[in-house]
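Dear colleague,

Please find below the structure I would like to hand over to you, followed by an account of what was found in it.

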Amino acid sequence: MARILAVTNQKGGVGKTTTAVNLSACLATLGQRVLMIDLDPQGNATTGCGVVKRVALPTVYQILIGRSTLAEARVRTNFGFDILPANRELAGAEVELIEMGGREFRLRDALLPVLGDYDFVLMDCPPALNMLTVNGLVAAQAVMIPMQCEYYALEGLTDLVATLKKVRAHLNSTLEIEGLLRTLFDPRSTLTQQVSGELVEHFGDKVYRTIIPRNVRLAEAPSYGKPVIAFDRASKGAQAYMALAQEILDRRDGASGAAVAQGVDA
Ligand code: ATP
Ligand code: MG
């Protein structure tokens, strides 16, 4: 059964898209079957993996308004994973969905028929708490929260945790936090070290051990339409996202190992 993760943080520019694209590529490199869903009308994740945002292309927009199926709209990237693309048209979905029944559940329902095709589904959410993000949070089993270790990050996190509580109470009772990811990390900054320490204190092992450093190759790769491992495999950024992919697989396998062990005990 696929593990469905929403990469989310309402704060802009914290590395959500960079994480969704690069983690998808790294998990695919490690042999996982991956679908990435671009839930942002900016379409950065779409162009970042070399898919051209043509207007005629069926996207997540057509899925949400029920005009296409996921099986029809998904596209194979050159990097071993599938993408459900987005373009600016998606901005209109917000308004159209208001009129529609079950509007929070549309993505979740659309995903069901293809879940058997994947080990991981990663959703790149927009930097806002809108109906697109809500569709992502309802479809997800867990959220992955990229964050920059700076002063306002912790404040933003409090808001996000409150939002997750609301979603759990009303729409998706089993939504969990998969993990918090320290991104754009600059170890020379004292503030960064301090915020990072507080994060670990509050969230314990929910904070991934892997840290994503600030690395110029990560910022350059999207303009070539490539994830960083296809652009500069030896870069610090590529190595960090490979380590993150491995950490996620180890956690998953550790968790299923524990479940098996519990089963034996029972
Ligand atoms: P938005 O909220 O607008 O969707 P986002 O959270 O998806 O933004 P990204 O687009 O991934 O953030 O990153 C913001 C900018 O920072 C981009 O220009 C990206 O290339 C750059 N960037 C992201 N992570 C890193 C990193 N680890 N090192 C260097 N640059 C990075
Ligand atoms: Mg983004």
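Two strands are taken to pair if DSSP finds at least two bridges between them. Please bear in mind that this is a predicted model.

I begin with strand E5 (residues 120-124) and its partners. Strand E1 (residues 3-7) is joined to E5 by 5 bridges, and the two run parallel. In this pairing, Ala 6 stands opposite Met 123 of E5. Strand E2 (residues 34-38) is likewise joined to E5 by 5 bridges, again in parallel. Here Val 34 is the residue opposite Phe 120 of E5.

The axes of helix H8 (residues 151-170) and helix H9 (residues 190-203) come within 9 Å and cross at roughly 25°. Because angles under 35 degrees count as roughly parallel, H8 is roughly parallel to H9. On the H8 side, the contact involves Tyr 151, Leu 154, Leu 157 and Val 161. These meet Leu 191, Val 195, Glu 198, Leu 199 and Phe 203 in H9. By class, this contact of H8 with H9 has 8 nonpolar residues, no polar residues and 1 charged residue.

With kind regards

Notes. Residues numbered from 1 in each chain as written. Chains lettered and ligands numbered in written order. Predicted model: local features only at pLDDT ≥ 70, side-chain atom pairs only at ≥ 80, totals over all residues. Heavy atoms only, no water. Axes fitted to C-alpha atoms, helices over the stretch in contact; angles between N-to-C directions. Helix = DSSP H or I, 4+ residues; strand = E, 2+ residues; numbered from the N terminus. Parallel < 35°, antiparallel > 145°, perpendicular 65-115°, else oblique. Contact = heavy atoms within 4.5 Å. Nonpolar A, V, L, I, M, F, W, Y, C, P; charged D, E, K, R; others polar.
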